[in-house]
Amino acid sequence: MCCDLKRRFLLLYATQKGQAKAIAEEIWQQADAHGLEADMHCISEMDKYNLETEKDPVVIVISTTGTGDPPDTARKFVRKIRDTTLPPDHFAHLQYGLLGLGDSEYTFFCNGGKTVDRRLQELGAQHFYDTGLADDCVGLELVVDPWIDGLWLALKEAFLLQKEKEGMGSNVNTISSSLSAASHIVHELNLSSEVQNLKLEDGGVRSSDVLTQKLVDNSLVASTGDTEPSLVHSVPPVSQSALNIPALPPEYIEVQFQDTHGENPKLSSLVSEGTTFEVPVTKAVQLTHEDAIKTTLLLELDIADTVFDYQPGDAFCVMCPNNVSEVEELLQILGLSEKGDHFICVKVKQGTKKKGATCPQHIPERGTLKFILTWCLEIRAVPKKALLRALVECTSDAGEKRRLQELCSRQGASDYARFIRDPNVCLLDLLRAFPSCKPSLNLLIEHLPKLQARSYSVSSSNLYQPGKLWFVFNIVEFPACPTRAVSRKGVCTGWLAELVAPLLHHNKNTPDAKGGSPSTEKISIFARPNNTFHLPADPSVPFMMVGPGTGISPFIGFLQHRQKLRTEHTDWEFGETWLFFGCRHQDRDYLFKQLRCFLENGTLTHLQVCFSRDSSTAEVAPPKYVQDVIRLYAKEVARVLLKEGGYFYVCGDKKHMADGVSDAVVDIISMEMEVDKLEAIKTLATLREAKRYLQDVWS
């Protein structure tokens, strides 16, 4: 295509953990091969673009965070377009295509993208390309890759229509001819998925060369005796395929080592979401028995000397470090064990081909290498295909090189899901499995995302116990498996468990016990308020709570708060309260047996519990799961929800519990209202919209 036909489009991304940005960067890289120019910006950089006057097509890539919120970087943008004074034709001039990222494990799938998409439509904007919704639960690439493939033809057609509208009649035929030829090329490229493929041995090669390329002798990849694929070897057809691999991301970071003198940044400087508080851990209790399948801890934080405030139902974030031994192992693999205490300076590489390259915001201007690997980079992150592609260049063994190439290719998509994404393989797992891979430090800084603070539900009431904050968690375990040579604990839960080990006293099932000596251990936290998962504003309104396992956590705060209100306001009318709780074994993981106290003093009206792994000698076996118990109280559920305007709260595992609970409620609505299932689903949707059916769930 002639250079004078190179057209611009605006490319905006809104990211929480870096995925949307990485996808936008891939679009930017591919644009040039299609004779287009992507003007790329974070959606928060509103001084660098103006949708009110934008004439070119706009492409938006946006993720979803929390239980369905737009990412933090999009909050200002969303507030702006939600302005109710904007006229319905405010964006009538705008042509856009939107790619939303989400996880169907959560109720409000891709709600960040859907929110922006819906509002732009309300303000008169038009799609030039159908909206794509990618699901991280099954693999973003299943939607992202074909959506990007189809984007180029849609953009070219949008430019053609734009030219026609501008009345450039004399040029339309020429442009049409060029676009027709370009469309044919794009179609061919889409069929082969050969957009900007690069040869491994050198900087680049025509895509037609890659189509027939066999990079490695298949005998190097798998021996004749291997019939099953694994992380480190493949079988036909992947092992015999010519591969379509992503473009090699351009290097853009250089690292300069300095001396060992100075101080590392304060942890508070790493947080942009709000004020950080360093608070002591004053109590730690193991709530589960030693032979329970999972280990559950309750921690108490002393927030009395801070201005940190919360409501029952809120969440907060804990800043946590990577595991010390894993950091040491990574330093050893990098050949930098002796440099861990040296300060480093990270700069943008001169002459980089990466557009708008800047140093990652989560990397401080000055810090030791060990500090940055410990507190700034998510070394446990599941490696993205762009990282795999970059690792290929650092691998000397031909067989290992080929396998890494397969894992980042279109042909190896199912292997990537099976051996990397699904088992939560991390960078260290890969480097153990592919020992000839020796990445540079700058490559890891370029590709590893920010180490995220971990979010936990508050399990207490500031009204009931001022100056104290409780939270409850299971210690996450990742057992060894064929793709992971060693077992691991969760980044945050493993660290917290180790931190409070001295505080765990002998009475492990009584969180009100006064044992234990004051702890000098402190952790850094910041608020993550939940705008909806709160008690009803009117205390006379009835509500039901469903929280098996650690899902009970916020409801302890609810009940503490309600008990204190009942004590302080004896003249108030209080609605009835229901709690459905479940666990595996009554004698091993019944987390809060003092729930009976709430029942006895009238704070809790109804308590229904079930135990999924306990055997029963009863003639009729009791229900095993909370969703089964709920069905036994169908008339009460229907009365509270449909007749008395009550609230229904669900907290806990999404796939194995929350979906089952919502199915049970749909069946109850259908039966009690005598309507079909579709009508019952609509009724539940109405309750969700009214914020009377509320979920705080995780996958």
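**Close-up views of a predicted model**

**View 1. A cis peptide bond sits in a loop.** Pro 237 is found in the loop that runs between α6 (207-211) and β7 (253-257); helices (H or I, at least four residues) and strands (E, at least two) are DSSP runs, numbered from the N terminus. The peptide bond leading from Pro 236 into Pro 237 is cis, and its omega is near 10°. This is a predicted model, in which local features need pLDDT of at least 70 and side-chain atom pairs count only at pLDDT 80 or more, while totals for chains, interfaces and linings use all residues. Residues are numbered from 1 along each chain as its sequence is written, and side-chain values use heavy atoms, with hydrogens and water left out.

**View 2. Cys 110 has a positive phi.** Its phi is about 55°, even though Cys 110 isn't a glycine. Look for Cys 110 in the loop joining β4 (95-102) to α3 (111-122).

**View 3. Helix α1 packs on helix α4.** Here α1 (residues 19-31) meets α4 (residues 141-165) at an angle of about 35°, and their axes are 11 Å apart (axes are lines fitted to C-alpha atoms over the stretch in contact, with angles from 0 to 180 degrees between N-to-C directions). The α1 and α4 crossing is right-handed (the near helix is turned clockwise from the far one by less than a right angle). On the α1 side, the contact (heavy atoms within 4.5 Å) includes Ile 23 and Ile 27, and on the α4 side it includes Trp 147 and Trp 152. Sorted by class, the α1 and α4 contact has 8 nonpolar, 1 polar and 2 charged residues (Ala, Val, Leu, Ile, Met, Phe, Trp, Tyr, Cys and Pro are nonpolar, Asp, Glu, Lys and Arg charged, the others, Gly among them, polar).

**View 4. Helix α19 packs on helix α20.** The angle between α19 (residues 654-673) and α20 (residues 677-689) is about 115°, with 8 Å between their axes. This crossing is right-handed. Among the residues in contact are Val 665, Val 666 and Ile 669 of α19, plus Ile 681, Leu 684 and Leu 687 of α20. The tally for α19 with α20 is 8 nonpolar, 3 polar and 3 charged residues.

View 5. Over residues 169-225, pLDDT (the predictor's confidence in each residue, from 0 to 100) stays under 50. The model still has 88 contacts beyond four places in sequence for residues 169-225. For the chain, pLDDT averages 87, and 89% of the residues score at least 70.
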